[in-house]
Amino acid sequence: MTRIRNFIDGQFVEPMGGKYLDNIEPATGQPYSQVADSDARDVERAIAAAEKAFPAWSKTPAAERSRLLLRIADLIERDLEKLARAESIDTGKPLSLARSLDIPRAASNFRFFATAILHTENEAHVTDGVAFNYTLRQPRGITGLISPWNLPLYLLSWKIAPALAVGNTAIAKPSELTPMTALLLCEICVEAGLPNGVLNIVHGTGPNVGAAITAHPKIGTISFTGGTVTGRKVAEAAAPLFKKVSLELGGKNPNIVFADADLDAAIAGSVRSSFANQGQVCLCGSRVFVERSAYQNFVERFIDKVSQLKQGDPLDEKTEQGAIVSKTQLDKVRFYVDLAQKEGGTVALGGKVPDSINERCRDGYFFPPTVLTDLPVSCRTNREEIFGPVVTITPFDSEEEVIGYANDCDYGLASSVWTQNLSRAHRVAEKIHTGTVWVNCWLVRDLRVPFGGMKQSGVGREGGEEALRFFTEAKNVCIAK
Ligand code: NAP
């Protein structure tokens, strides 16, 4: 059985405490590898390596940093099949999804930031003829990068690529539930020739490793993606040390369908935005609102399409719905489906653990795509993040009413609006309190745009220029005339 060790100073090393955790394959419920159960001592060791590597890496010319990161992108693409399979086994997501989305997007992250650093500009300001100012952007030092299990390689690379591109060193902690692609990425970094200590990966639990990273005074920059409850703990640990923190947190995203929408496109888009990766994408539109005159038609056709999604072994090429990442997450999904019924909801589709997938997957964590109707907008099922294959559908009567519904939520990550009325699209987009508003689409990404959440979905923005600025310190140099 593979033992996933820490990657520190360019070497694969045992955790100081010698302990490992079982890494469970969600589709089978069985351990298929072991991952280092590290602690603060391993974080300390990684900090020593990152500190040693920083002076040379931060002074390495941008063109050379760019060349190394592009090499990593090339190697990710070369190993696409191997990485996609590892991601599918680790997370339970369909192999086809890992192959078409997660892994190519991870390569794009490296490629984007590797080339972005070749095109940056520094601002200059002349002050009333008495002085000349210029803005010097410098790397911040050792960065702490903490990521969740749902898109493990994609989200890890979304942080590692900009942090390293601008000259920082990094200590990254993937989720202990999905460490396999991080191991493969480290092997790629070695092959690419990334200098030792520039990237260090410490595996283990949030309370042991994550907390040690966020609390350490030598790590002045924290980029965290995960749940809102954990994000609060990260913020609390970082605040007294005045760390620079970016928090990308949970969502309960509205997906609004007006009667004037192209219904074929809206239904196809809504099926995807509801159930991609078994609904375990922070951007999934788990609250669907449909204008009353189109409601009945939409619900019938939506349910028909969803019932055709093929649930199965994630490694089967035809599978469209794989496994839920863990037993804990599966129990959470079941809890909310029970709660929804207590809150007056109707299970219009799904709602029960399937009898069997196949012999290999008989102990796996599966739950079918589930559609809930007849729930009040303000109930817990409609307000709390479930993070699974469960959506609610609610009718509305006016633009004003649905904007109120969309905003009546503590989260503000993303939303989708389906309409053919251009003025309405602009109007609604302006009034919805989410960091991203997709109009007649979902999950379209341009790496140049700011990405992040409003309200309890987070603070700070990642993506493009925002990420380059987050990972650098802007210093003003003022020269008297
Ligand atoms: P999570 O439980 O908050 O964990 C996220 C990461 O934080 C994991 O690596 C976790 O470690 C670590 N962690 C746990 N406790 C910690 C602590 N006290 N200090 C520092 N780190 C700690 O989230 P998850 O269940 O993995 O992921 C699902 C959540 O992520 C959902 O809420 C989803 O919406 C959100 N998400 C947001 C975005 C976005 O861009 N806004 C993207 C994807 C996912 P271990 O799990 O290994 O213990």
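The ligand sits in the largest pocket, with more than half of its atoms within 2 Å of the pocket's grid points. A pocket here is an open set of points on a 1 Å grid over the protein atoms alone, where a 1.4 Å probe fits, with protein on both sides within 12 Å along at least five of seven lines. The model is predicted, with local features requiring pLDDT of at least 70 and side-chain atom pairs pLDDT 80 or more, while totals for chains, interfaces and linings use all residues. Residues are numbered from 1 along each chain, and side-chain values use heavy atoms, without hydrogens or water.

**Surroundings**
- Glu176, Gly206, Thr230, Leu249 and Glu385 come nearest among the 31 residues around the ligand (a heavy atom within 4 Å).
- Domain 1 (2-249 + 457-480) and domain 2 (254-446) both contribute to this shell, so the ligand lies between them; the bounds come from an automatic or database assignment.

**Polar atoms**
- Ligand oxygen atoms lie 2.8 Å from a side-chain N or O atom of Lys173 and 2.5 Å from one of Glu385.
- A ligand nitrogen is 2.7 Å from a polar backbone atom of Leu249.
- These pairs fall under the polar-contact limit (N or O atoms within 3.5 Å).

Notes. A polar contact is a pair of N or O atoms within 3.5 Å; within protein, one must be able to donate a hydrogen and the other to accept it, and residues adjacent in sequence count only if both atoms are side-chain atoms. On a 1 Å grid over the protein atoms alone, a cavity is a set of points where a 1.4 Å probe fits but cannot get out, and a pocket is an open set with protein on both sides within 12 Å along at least five of seven lines; lining residues have an atom within 4 Å of a point.
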